[in-house]
Each structure stands twice: as structure tokens, then as C-alpha cells.
Amino acid sequence: MKAVMDQNAFQSAARMALRGTGWNGILSEGHQAQSGVKFGKEKRKMSTIPETMKAAILMGPNQLEVKEVPTPKPGPMEVLLKVASCACCSTDVALMAKPFPGQPPYGSFIPGHEYAGEVVALGDTVDEFKIGQRVAVEAHLGCMRCRNCRVGNYTACLNYGTPKHRANGMTSNGGFAQYVVNNINTVHAIPDHVGFNEAALITNLGCVLYGFQTVGGYVAGDHVAVIGPGPLGLISSQVARAFGAEMVYLIGTRASRLTKGAETGAHRVINIHEEDPVKVVLEGTNGVGADLVIESSGASDAPMMAIKMVKPMGKILLLGFPHEPVLVDLEDVLMKNKSIYAVRGEGWANLRRAVSLIGSGKIDLKPYVTHTFPLDEINTAFKTFIERIGGAVKVVVKPNE
Ligand SMILES: [Zn+2]
Ligand SMILES: [Zn+2]
């Protein structure tokens, strides 16, 4: 037997050795020690997969507790990931306050849908990924059998919330844990130079890219106004500029976030406490209005502001979730042939684009990761995120540190 074996051969040998254990694909230090096999140019340290792991369990409304639970096992078409980074998202805040449809019951549910880590075990039939591969994920798998899923629109699965449906961290367990199982269709390989913290944010970028796709793609030469400098608004500003927008306006109320937006993409920031955003955008466009307005604040008066500042035939993209019904002037929309679009989620194609853009450095998500916490301090992490303590934008939990 040759002393050096390539990684594929090592994995297939190890997987064959493990067949029949019901736990295909686990590579432990024990196996490596027994075989004494090296692979690749250097001997990689294989991590042992423990029987139990630490995970944040939702025990009741807004009640997250870190507990020791069994480590999940990957089935066919699944991989086990060791979670390096899992970001707090406002969707987590919403589903922790009030369960989403199909959410697993209190006492068993692990939230977290924005995460990145390393593949540590392969389920049966999986040859798309390798042990040790660095990956990021998307939450939505869908049901893979309804009309929307079958044509690729699985973030709008018609069986959402039923037992057929799966979205990690929403209707199945997610990444606020040391390990998590993902279907391979929700896993994306990331380049070695992309950090796990920024990789955990790729669904945010994917959602923004899905939005740009939905409104028609091209913004080169356009005036784009973004309302709400939260994570999606900040990323939207950077993407609009990278895609060639002539002017990017970023509208908000918090100076620290507007400063972050000015540093990462916006040409002109508008603090609502100091200036009238509609007036500024109209002045900047010779009274015509913006070509595209992206509403990412969720504020109830923001859609109306968007309608007022978009030009005739202009487009409005809704990314922010309003918490109550909103009143808008549809007469103005109709009379001036304005269009309103809404997107939810991202989809495989946009995750692929997101990985490419952060891999090439054309989009930089690092500035938006402002805080990190170990899993034991997850409640402090959420408090920091919700209350925006210390200028928090995205707060990342590190389950294995
Ligand atoms: Zn999210
Ligand atoms: Zn479906």
C-alpha cells in the first residue's frame, strides 16, 4: 500500500469500511490512526465527531437555552457540517417570538439559517463534496415536489410549513449548534480565502441578488435609492454600486449605519432626522425620481416614501418585512406606471452568484460582521443584534469556539 493516497481514495476507502454501521462517511481520528493513511500534500487533522453536541434549543417564546443533544447523522443526499459561524438574522428574532408554520416544537428546535463551516461526514450517495471542504449554506430546500419547487422557485414552496417541506433553521434544525445536517442542494463550496464569518452572510447577498434579478438586472447608469441601512440595505447599496449605478442614495436614521453605508457603497447618505429623503432624491434626479427604490427597512411609512421618490415607469423592490399592514397611494403607482416587486429568500442561482462575487472580492461582506460570540453567549449575541449595541450590524455566533 502506498503511503500517500489521494483524498478521494481515502474517503471512499473509509466510507466502504464504515458501510453497514448505519453511519456512512464518518471519519474519526481513530480510523485515521488505524490506517495511518496520509492524503493530499499534508496530513490533515480529522476531527472526531462526538455522539453529543452543544446546541441552542428554543424552549419557549424568546427562550433560547444551550443544551447537550445528540449529534445529527446525515442521510442520503445529506452532509454533516461542523458549524464555524452562524449569523443572527431578524427572521430568527421573528420565529423565536412567534413560531413560523411547520416550525419544530419547543424543546426540540435549533434555529439558525445563516451559517458556514466544514463538511465532516457524507451521507450515502454523496460524492459532490469532500470531507474537510469549506462550505456555506442556503436555508431553503423546499419540498422538491411541488410545482414551484420543480421549476426552481423553491423559496416559494407551495408546501411551505408542511411535513414535506424543509428550510434549515425554520422548519428543520439549523446552525446554532456545533453540527448540522444539510441536504447537498443547500450547500455551496467556498474558496479557501473566504472567511467563515462573511460566508455565513451569503444568503443575505443572495437575497439582494435575487431582488436585482427580479427587477430586471441592469442598474448601470441608474439612480438607485435604498431605504433602511440594515444588513440587506447596506448590501443592496454595495451591489448597486458594483453593478454600475450612477448614484446610490442610502436613507436611514442611525448615523453609525449610514456611515457604514458610505464606507461600503452609498454615494449619498440621507439621515431622515436631518433631511427630507424624497426632496434629496428628486433634486438629485432633476425632479424625475430614482430609477429603482429598494425598500429594506420594513417601516410602515417606507413603501409610500418609495412610491413618492421613484420616477414614472420606475421600479420599487420590497425586501423589508413590514410588521403591520401599510397604507400606500396606488393611484400614483397606476397613473405613473410604477412597478412594485417583492422577493423572499434567494435560490441556488443567486447563492452561486453570491459565492462568486465574494470569492472574487467584487463584493465584500466583512465590514458588516461587527460582533462574534461563542455559542454559550448566544442570548447576549441576540441582545447585541436586536438592540444594535456597539453599532452592531451582523452578529455571528461561533459554536465550536
Ligand atoms: Zn436570514
Ligand atoms: Zn415545494
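What follows is a short chat about a predicted model of a protein chain.

Me: What are the ground rules for this model?
Reply: The model is predicted, so local features need pLDDT of at least 70 and side-chain atom pairs count only at pLDDT 80 or more, while totals for chains, interfaces and linings use all residues. Residues are numbered from 1 along each chain as its sequence is written, and chains are lettered from A and ligands numbered from 1 in the order in which they are written.

Me: How many helices and strands are there?
Reply: The protein chain has 13 helices and 19 strands. These are DSSP runs numbered from the N terminus, with helices being H or I of at least four residues and strands being E of at least two.

Me: And how much of the chain is buried?
Reply: Of its 401 residues, 48% count as buried. Buried means 20 or more other C-beta atoms within 10 Å of a residue's own, exposed means 12 or fewer, and partly exposed is in between, with C-beta atoms placed from the backbone.

Me: What share of the contacts join residues at least 24 apart?
Reply: 69%, among contacts between residues at least 6 apart in sequence. A contact needs C-beta atoms, placed from the backbone, within 7 Å of each other.

Me: Switching to helices. How do helix 6 and helix 12 cross?
Reply: The axes of helix 6 (residues 202-214) and helix 12 (residues 348-360) come within 8 Å and cross at roughly 115°. Axes are lines fitted to C-alpha atoms, for helices over the stretch in contact, and angles run from 0 to 180 degrees between N-to-C directions.

Me: Which residues of the two helices make the contact?
Reply: On helix 6 they include Leu-205, Leu-209 and Tyr-210. On helix 12 they include Arg-353, Ala-354 and Ile-358.

Me: What classes are those residues?
Reply: The contact of helix 6 with helix 12 has nine nonpolar, three polar and one charged residues. Ala, Val, Leu, Ile, Met, Phe, Trp, Tyr, Cys and Pro count as nonpolar, Asp, Glu, Lys and Arg as charged, and the others, Gly among them, as polar.

Me: Which residues of helix 13 are buried?
Reply: In helix 13 (residues 378-386) they are Ile-378, Ala-381, Phe-382 and Phe-385. Seen down the helix axis they fall within an arc of 95°, so they line one face of helix 13. The arc is that of the directions from the helix axis to the C-beta atoms.

Me: Why would that spacing work?
Reply: An α-helix has 3.6 residues a turn, so residues three or four places apart point the same way.

Me: What do the buried residues of helix 13 pack against?
Reply: They pack against strand 3, strand 4, strand 18 (369-374) and strand 19 (394-398). Arg-388, which follows helix 13, has a positive phi near 55°.

Me: How are strand 3 and strand 4 joined?
Reply: They run antiparallel and are joined by eight bridges; strands pair if DSSP finds at least two bridges between them. Ala-56 has Val-66 of strand 4 as its bridge partner. Their hairpin has two residues between the strands, and Asn-62 takes a positive phi near 55° there.

Me: Is Asn-62 buried or exposed?
Reply: Exposed, with 12 C-beta neighbours inside 10 Å.

Me: What about Met-77?
Reply: Met-77 is not a glycine, yet its phi is positive, about 65°. Met-77 is in the loop between strand 4 and strand 5 (78-87), and is partly exposed, with 16 other C-beta atoms within 10 Å.

Me: Last one: which residue stands opposite Gly-117?
Reply: Val-135 in strand 7. Val-135 also stands opposite Ala-189 in strand 11.
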